[in-house]
Amino acid sequence: MSEPAVRVDTTSQVPPFEQIRAQLAALIVTGRLTEGERLPTVRQLAADLGLAPGTVARAYRELEAAELIRTRRGAGTRVAAPPAGPAHADPTRLATLARDFTASARALGADTEAVLTAVREALEEGS
């Protein structure tokens, strides 16, 4: 994963692990990080971002729980295969996407009303 880079705003109210998780999840879901692409090690990403390894490890654990990445000893951490089968409105995945968007929007400085306005406008465009 050379580009796109993950950035953390230490002045944000969103915890650093959540910023990392949300940004990586968004990159994976949008296809900017593709299946099999290798992510930096926990230590490397922590060093790059100036964070404790535990912070990055927590983000990676949550991404694994969401089945977006896979970690294997000796093979590193890689982007997981997209789920097989027809897409359906899985409430858990929908909640994850909503959290990802909200965390990213908050990291940009958006307040609740700005987030809701953006979602309403996106829904209207998609109709």
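Me: Why is R21 called buried?
Reply: R21 has a relative accessible area of 2%, and buried means under 20%, with a 1.4 Å probe and protein chains only; R21 is therefore buried. This is a predicted model, in which local features need pLDDT of at least 70, side-chain atom pairs count only at pLDDT 80 or more, and totals for chains, interfaces and linings use all residues. Residues are numbered from 1 along each chain as its sequence is written, and side-chain values use heavy atoms, without hydrogens and water.

Me: Which residues does R21 touch, not counting those up to four places away in sequence?
Reply: R21, in helix α1 (residues 16–29), touches A59, E62, L63, T96, R99 and D100. Contact means heavy atoms within 4.5 Å. Helices here are DSSP runs of H or I with at least four residues, and strands are runs of E with at least two, numbered from the N terminus.

Me: What span is expected of helix α3 at 1.5 Å a residue?
Reply: The expected span is 1.5 Å times one less than the number of residues. Helix α3 (residues 53–65) has 13 residues and reaches 18 Å between its first and last C-alpha, close to the 18 Å expected.

Me: What puts the buried residues of α3 on the same side?
Reply: The buried residues of α3 are V56, A57, A59, Y60 and L63. They cover an arc of only 160 degrees around the axis, so they lie on the same side of α3; the arc is that of the directions from the helix axis to the C-beta atoms. These residues pack against α1, α2 (42–49), β1 (69–72) and β2 (76–79).

Conventions. Buried means under 20% relative accessible area, exposed over 50%, partly exposed in between (1.4 Å probe, protein chains only).
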